[in-house]
Amino acid sequence: MDKLFQLTVPMPTLGPDTKRQYFDHVLGIQSSDQVGADESDELREQIERSTSETELLDVLKSVSPEQREAAAARAVERMSEPRIAEVTEHALQKFTSLMDGNPRSMKRFVNTYSVLRAARTLEGITVDSDVLAFWTVLHIRWPLLTEYLEANLNAVASTGSTEVRLDSMPDEYGPLLEDPELLHVLATSPVRLTPDLVGACCGALADSLLDEAVADAIDQ
């Protein structure tokens, strides 16, 4: 059963620009405010010159939400190319110690990360790689925890700059929060989750809310 259902594929939500374009198409309206050709050409060139996932994310962060949405599909294609995927997998190796000893779960970690990265990128969310990788570890090993955090962001912290507080979770999650493996992972991870970052990892928040939160999320 674990082998049959070891990978969940989330469907990315439509961004506002894509929704508008689709609705205009349904109504037969010819859109007149497309991204300029020169800007589109420059963005495509930057995407093609990028040699890593980090560079691709930086390119997407530097443009408007409309440009980001238009270029997201090609950026995802580039991320899946063998050379860039190899660089990404190498960067993810530092999270190996947070996984359990099952080789299948390690492969699942890489696959799940790739799926989440593609979905979030298509949504225009450029959440930091370390943050998404840590979320992927939690999602694979303790899905009940990530499901609760996704559904109860307001309950775990009052502001976007506040670190997620697991001690505010209901009593029925007590045994989970006493798991020594989970406590070890939370204590040794280089990432400190905030509600904004949790929202970005699960696609709940716009990327514009992350600028200040990401800077505080990674322990240098």
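**Salt bridges, helix faces and an aromatic pair**

Lys94 is partly exposed, at 49% relative accessibility; with a 1.4 Å probe and protein chains only, buried means under 20% relative accessible area, exposed over 50%, and partly exposed in between. The model is predicted, so local features need pLDDT of at least 70 and side-chain atom pairs count only at pLDDT 80 or more, while totals for chains, interfaces and linings use all residues. Residues are numbered from 1 along each chain as its sequence is written, and side-chain values use heavy atoms, with hydrogens and water left out.

Lys94 takes part in a salt bridge with Asp130, in which N and O are 2.9 Å apart. Because Lys94 lies in the loop between α5 (82-92) and α6 (103-122) and Asp130 in helix α7 (residues 129-141), this pair ties together parts that are 36 residues apart in sequence. Helices here are DSSP runs of H or I with at least four residues, and strands are runs of E with at least two, numbered from the N terminus.

A salt bridge is defined as a side-chain nitrogen of Lys or Arg within 4 Å of a carboxyl oxygen of Asp or Glu. The whole structure contains 11 of them. One of these joins Arg78 and Glu81, with an N to O distance of 2.4 Å. Arg78 is buried at 3% relative accessibility, and Glu81 is partly exposed, with a relative accessible area of 26%. Both residues belong to a network of salt bridges that also links Glu48, Arg74 and Glu77. Elsewhere, Arg120 and Glu123 form a salt bridge whose closest N and O atoms are 2.8 Å apart, and both of these residues are buried.

An α-helix has 3.6 residues a turn, so residues three or four places apart point the same way.

Leu145, Thr146, Tyr148 and Leu149 are its buried residues. Viewed down the axis of α8, they fall within an arc of 160°, so they line one face of the helix. Leu144 and Ala151 are exposed on the face turned away from that buried side.

Tyr148 leads on to the aromatic rings. Rings of Phe, Tyr and Trp (its six-membered ring) pair if their centres lie within 6.5 Å; planes under 30 degrees apart count as stacked, over 60 as edge-to-face and the rest as tilted. The count by this rule is one aromatic pair. The rings of Tyr148 and Tyr173 have centres 4.9 Å apart and planes at 55°, so the pair is tilted. Since Tyr148 lies in helix α8 and Tyr173 in the loop between α9 (153-156) and α10 (174-177), the pair ties together parts that are 25 residues apart in sequence. Both tyrosines, Tyr148 and Tyr173, are buried.

Helix α10 includes Leu177. Leaving aside neighbours within four places in sequence, Leu177 is in contact (heavy atoms within 4.5 Å) with Leu145, Leu166, Met169, Leu182 and Leu183. Leu177 and Leu166 are 11 residues apart along the chain, and their C-alpha atoms are separated by 7.7 Å.

Terms used: Arc of directions from axis to C-beta.
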